[in-house]
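The questions below walk through one protein chain step by step, from its overall make-up down to single residues. Please look at the picture first and keep it beside you as you read.

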Amino acid sequence: MPRPRATTFHELVLAQLGQDICNGRYPPGALLPSEPELCERFGYSRIVIREAIKSLVAKGMLEVNRRIGTLVLEPQRWNLFDPGVIAWRAASADFDASMARDLMELRRIIEPPAVRLAAQRASAEERRALRAAYMAMVRAVAGKGDYVEADLAFHTTILAACGNQYLRQMLEAMSAMLKAAFEIVSQKPGGPASSLAMHEAVCLAIERGDGAGGEQAAITLIDSAQRDMEELLPLQRGRRATAARRAAR
């Protein structure tokens with residue numbers, strides 16, 4: 001999965017250090033290199049380095065101790081709903097079976113009920129947006145567009161259309177989690193094409209106001225995605241581990 005786009009020196013350093021922590025270059029319990037060492041590594045000022053460290057502290061990944069230095073914390077203390085943390089973990093070789101399982105369990109908890117609510121509450125405009133996202137997936141399968149982005153638009157449209165203020169607050173985090181999953185499962189040969197019928201079943205149920213049918217269609221879709229994830233994840237981890245070893249040389 002690509003790293004989040006970085007546009008400033010602070011974001012560049014933040015993204016690299018976040019990825020380094022998730023990849024195990026700086027494992028839990030280790031001390032981050034000193035400010036002068038990080039300045040030399042990145043070629044930026046202490047102000048840039050400090051701001052990046054502050055951001056990682058806010059995400060629960062680091063703890064600054066004046067006596068011993070900057071400590072990398074255990075993942076249990078990280079803000080696991082932070083979109084940056086989600087993206088860095090998903091892009092690492094440590095994106096393992098337990099993380100994939102937890103992600104799919106979260107999807108099962110949230111998405112089918114959200115589809116049921118969207119079928120009951122979605123506005124005409126939101127139903128049109130969902131149909132447009134589905135058609136973008138169809139075009140992407142035909143080679144005319146980005147399938148992952150279209151798939152993400154489809155699912156986030158549902159979350160927005162369910163009319164629940166708390167789910168809407170989770171939209172950014174859920175988008176990052178869904179993208180992490182889609183980046184993997186979309187690599188299955190023929191996978192995106194075979195998923196179209198399942199996505200259309202969800203779309204049609206919401207368009208018809210069929211909450212129960214939409215909920216069941218969402219469960220079927222997640223079941224299929226989980227099988228694909230279980231098949232592809234070992235291959236994905238192997239490729240990432242190889243790339244990490246090469247980068248460390």
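In counting charges, Lys and Arg are taken as positive and Asp and Glu as negative, while His and the chain ends are left out. The model discussed here is a predicted one.

Q: How many positive and how many negative side chains does the chain have, and how far apart do the centres of the two sets lie?
A: Counted in this way, the chain has 33 positive side chains and 29 negative ones.

Q: Which pattern of helices and strands does the chain follow along the sequence?
A: The secondary structure is made up of 11 helices and two strands. Read along the sequence, these elements follow the pattern α-α-α-β-β-α-α-α-α-α-α-α-α.

Q: Why does the chain count as being as compact as a globular protein of its length?
A: The globule rule gives 18 Å for 249 residues, and the chain is as compact as a globular protein of that length because its radius of gyration is close to that value. The radius of gyration of the chain is 20 Å.

Q: Which residues of helix α4 are buried?
A: Helix α4, which covers residues 83–90, is mostly covered, with six of its eight residues buried. At the start of this helix, a side-chain oxygen of Asp82 reaches to within 2.8 Å of the backbone nitrogen of Gly84. The buried residues of α4 are Gly84, Val85, Ile86, Ala87, Trp88 and Ala90.

Q: Is Ile21 buried or exposed?
A: Ile21 is found in helix α1, residues 9–23. Leaving aside neighbours within four places in sequence, Ile21 is in contact with Tyr26, Leu56, Met61, Leu62, Val72 and Trp78. A residue counts as buried under 20% relative accessible area. Ile21 has 3% relative accessibility, so it counts as buried.

Q: What distance separates the C-alpha atoms of Ile21 and Leu62?
A: Ile21 and Leu62 are 41 residues apart along the chain, yet Leu62 is among the residues in contact with Ile21. Their C-alpha atoms are separated by 9.5 Å.

Q: Which residues does Ser195 touch, not counting those up to four places away in sequence?
A: Ser195 lies in helix α10, which runs over residues 191–208, and at 10% relative accessibility it counts as buried. With residues up to four places away in sequence not counted, Ser195 touches Tyr147 and Leu221.

Note on methods
Residues are numbered from 1 along each chain as its sequence is written. This is a predicted model: local features need pLDDT of at least 70, side-chain atom pairs count only at pLDDT 80 or more; totals for chains, interfaces and linings use all residues. Side-chain values use heavy atoms; hydrogens and water are left out. Helices (H or I, at least four residues) and strands (E, at least two) are DSSP runs, numbered from the N terminus. The radius of gyration is taken over C-alpha atoms; the globule rule is 2.2 Å times the number of residues to the power 0.38. The place of a charge is taken as NZ of Lys, CZ of Arg, CG of Asp or CD of Glu. Buried means under 20% relative accessible area, exposed over 50%, partly exposed in between (1.4 Å probe, protein chains only). A polar contact is a pair of N or O atoms within 3.5 Å; within protein, one must be able to donate a hydrogen and the other to accept it, and residues adjacent in sequence count only if both atoms are side-chain atoms. Contact means heavy atoms within 4.5 Å.
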